[in-house]
Structure formats: C-alpha cells, structure tokens
Amino acid sequence: MRYDDPDAIRLFHYCGELGLPVLVHLQQTFPRQGVPSSRQSWYGGGRSPLRLCPQTQCLGHARGFWREISADADQQPLDYPVGTPVVGGGRLLEYLDKYPNLNCDLSGGSGYHALQRDLNLHGVSFSSITKERVFFGRDEFSNRLYDLLVSLCLPTPVLSRQRHALGAGFELYG
C-alpha cells in the first residue's frame, strides 16, 4: 500500500491522535515507463504523510530518504551513495524546514552512510543542526553507527541527546 492511500492516511491520522510516531521506509525508484514523474522520487507515496498528517511525527528511514541529504540525489546513479561527498542544498534539510513533523532515523546502513559520506564537512554540522530530530536506532547487528557517532566529537548538547537515546546501559567513550 502506498503512503498516500486513503486508508494509510487515516491510519497515520490515528497514530498522531495517539501520539505514536510512524516509521516511513522510503526506497528510491528509477524512471519507469508509464509512471508519472511525480511518483518517481520516493516509492511509497512521497511526502503525503508529512503534508496531510501534520500532527503525526514521521521518522524518515532507508535509502530513498537518506540519499536526499545531498543536492545531487537525482543525478546519483547508485541507490545507496557511498563515498561520494555530500553536495549542499539537499532536499532533506529543505523538508526538515518545511515539515516540523519530519524526523530522521539513523538506524540501518542508510543513516550510517549518510553521515559517513562526508565527515569533514557534513556529518558534524548535519547532526548539530538537526539534533532534536535525529534518532539513534539499531537496524543491524553492528556497532558501526554507534562508533561513528562517538567519533564525530559532537557538541555536548548533541552528545547528551545521543546518550539519552542510547540508554543507561551505554557509555560514550572519548
């Protein structure tokens, strides 16, 4: 079911009424004949839950979401851009400004790769700008995301937020 399906929108409204966030797993699609260009970018229905359900907190997740951190997402041939620098002006920051109910889920390889793509210029500044709307999570059996967050030497307010998100059983080293 697409995210813009009327039944999905009703479900998202209900989640918002209950105070439950919705994880929005977005995959990048590639041009297909007969599919309107407006439906090409984010498989699943695009920004509909953000626009139509402003009371519902949405957690953006997966490859189609995180590739939008860079302005060259439309020209990037890889589904999972790795090792290419982030080009400023990506739609993700634009959407964070436009939709206060949009949040970022770092779990899985997609969040890790998005932060890791350009550590010197982008990882720390993105994490600092969006510190209240970026959430640590685990979607794989690896500590690489945790280790990356620790290595970024994030400002104290951001580290405090991550320490809270990681829970009492975790220590931040360094």
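Me: Happy to start with Ala 62: in which loop is Ala 62 found?
Reply: This is a predicted model, where local features need pLDDT of at least 70, side-chain atom pairs count only at pLDDT 80 or more, and totals for chains, interfaces and linings use all residues. Residues are numbered from 1 along each chain as its sequence is written, and side-chain values use heavy atoms, with hydrogens and water left out. Helices (H or I, at least four residues) and strands (E, at least two) are DSSP runs, numbered from the N terminus. Ala 62 is found in the loop between β4 (58-61) and α3 (63-66).

Me: Nice, and what is the phi of Ala 62?
Reply: Most residues other than glycine have a negative phi. Ala 62 goes positive, with a phi near 90 degrees.

Me: Is Ala 62 buried or exposed?
Reply: Buried means under 20% relative accessible area, exposed over 50%, and partly exposed in between (1.4 Å probe, protein chains only). With a relative accessible area of 4%, Ala 62 is buried.

Me: Which residue of β4 is the bridge partner of Leu 23?
Reply: Two strands pair if DSSP finds at least two bridges between them. Strand β1 (residues 22-25) pairs with β4 in the parallel sense over 4 bridges. In β4, the partner of Leu 23 is Leu 59.
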